[in-house]
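Here is a brief report on one protein model. Keep the structure open as you read.

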Amino acid sequence: MENVIIIGGGPAGYTAAIYTARSLLKPLVFTGETPGGQITLTNDLENYPGFPEGISGIEFFQKVDQQAKKFGARIENKFVTAVDLSSQPFKVSVGKNEYESRALIVATGSSPRKLEIPGEKEFTGKGVSFCATCDGFFFREKHVAVIGGGNSALDEGLYLTRFASKVSIIHRRNQLRADQILQDRARRNGKIEFILDTVVEEILGSDTVDGLRMKNVQTGKTENLPIDGVFVFIGYIPNSQIFDGQLEMTDAGYIKANSRMHTSVEGVFVAGDIHDELYRQVSTSCGSGTIAAIEAEKFVAEMEGRAYPGK
Ligand code: NAP
């Protein structure tokens with residue numbers, strides 16, 4: 001029987017692991033097959049306190065992983081396939097193996113949203129990418145398109161200018177959603193052009209991408225843009241499928257919780273992007289991971305009849 005199982009290996013799950021491990025709960029953490037979450041796809045983390053020069057997402061993750069293990073968190077790079085939250089203890093399945101736990105922290109994050117247009121699936125890995133840090137290097141002196149108008153699109157578009165000869169940022173409206181500081185930086189960058197009021201209807205190519213078909217939503221005019229690569233950054237979808245019917249969710253699939261990260265099931269807590277539709281920062285994920293961990297500690301202490309500071 002585990003005290004606490006944490007599902008998710010991004011900043012939220014790892015922060016919860018550090019806190020519960022330091023409280024001697026010996027947390028068991030299932031990170032999925034590739035730990036780190038979206039932060040490992042980020043080239044420069046420059047708004048997390050304590051790193052005035054910025055830090056790469058991968059380096060940040062490595063430090064956090066080291067820190068959690070140092071305090072005794074047991075990290076398993078396995079994917080949770082099912083949960084049963086109908087009674088205590090909760091059951092967590094990894095394939096045929098079943099684990100039991102008193103408390104559960106859900107920090108399963110979200111995955112990149114897809115355009116769902118012809119060519120996107122066919123050319124993924126052949127010119128279509130969802131990660132500039134991973135694939136930017138392949139587009140040295142090439143012309144690439146970035147789809148989206150949020151912080152990710154501009155952040156990643158700016159990063160791609162290190163490699164590409166030209167970066168066309170294509171956005172469906174005429175106003176960007178990204179923070180002003182990123183908009184200003186992108187507008188000052190001579191390699192970036194903005195194509196606004198435009199949707200991409202199809203990604204074109206034979207073996208690899210060689211263009212895209214786009215439509216101006218104001219004029220209705222359609223044209224082809226020759227291009228070597230397409231980077232899609234149009235937001236994220238919460239990874240909450242295994243909790244369907246067991247935890248209360250919003251219409252968009254984010255798990256509902258109160259300000260203390262309690263879900264609709266007592267003993268199940270959430271942290272990070274799986275609950276946070278609005279802020280989605282590393283710092284806010286670490287914050288909610290902290291709260292979820294403290295609440296899980298209180299829950300386990302109460303079950304054992306132990307005193308907990310502040311109670
Ligand atoms: P986002 O803020 O949700 O922006 C998604 C963008 O994609 C929007 O511009 C949206 O257009 C567009 N879009 C959505 N669906 C589309 C579709 N089907 N076709 C075409 N365009 C579509 O997502 P994000 O940029 O990934 O950012 C996610 C969160 O992470 C945000 O809270 C952001 O602040 C945060 N973040 C922060 C940083 C940073 O602080 N440096 C960096 C990266 C991400 P509309 O504008 O028309 O809706």
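This is a predicted model: local features need pLDDT of at least 70, side-chain atom pairs count only at pLDDT 80 or more; totals for chains, interfaces and linings use all residues.

| Residue | Atom in the residue | Distance to a ligand oxygen atom |
|---|---|---|
| Gly 149 | backbone N or O atom | 3.1 Å |
| Arg 173 | side-chain N or O atom | 2.7 Å |
| Tyr 279 | polar backbone atom | 3.4 Å |

Now turn to a pair of helices. Two packed helices are described by the angle between their axes and the distance between the axes. Helix α1 covers residues 11-22, and helix α6 covers residues 282-303. Their angle is about 40°, and their axes lie 7 Å apart. Because of that angle, α1 is oblique to α6. The crossing of α1 past α6 is right-handed.

Which residues in α1 meet α6? They are Pro 11, Ala 12, Thr 15, Ala 16, Tyr 19 and Thr 20. On the α6 side, the partners are Val 282, Ser 285, Cys 286, Gly 289, Thr 290, Ala 293, Ile 294 and Glu 297. By class, this contact holds eight nonpolar, five polar and one charged residues.

Last, find Glu 98. Glu 98 sits in strand β6, residues 97-106. Beyond its neighbours within four places in sequence, Glu 98 touches Lys 91, Val 92 and Ser 93. Leu 28 is 70 residues from Glu 98 along the chain, and their C-alpha atoms are 13 Å apart.

Conventions
Residues are numbered from 1 along each chain as its sequence is written. Side-chain values use heavy atoms; hydrogens and water are left out. Axes are lines fitted to C-alpha atoms, for helices over the stretch in contact, and angles run from 0 to 180 degrees between N-to-C directions. Helices (H or I, at least four residues) and strands (E, at least two) are DSSP runs, numbered from the N terminus. Angles under 35 degrees count as roughly parallel, over 145 as roughly antiparallel, 65 to 115 as roughly perpendicular and the rest as oblique. A crossing is left-handed if the near helix is turned anticlockwise from the far one by less than a right angle, and right-handed if clockwise. Contact means heavy atoms within 4.5 Å. Ala, Val, Leu, Ile, Met, Phe, Trp, Tyr, Cys and Pro count as nonpolar, Asp, Glu, Lys and Arg as charged, and the others, Gly among them, as polar. A polar contact is a pair of N or O atoms within 3.5 Å; within protein, one must be able to donate a hydrogen and the other to accept it, and residues adjacent in sequence count only if both atoms are side-chain atoms.
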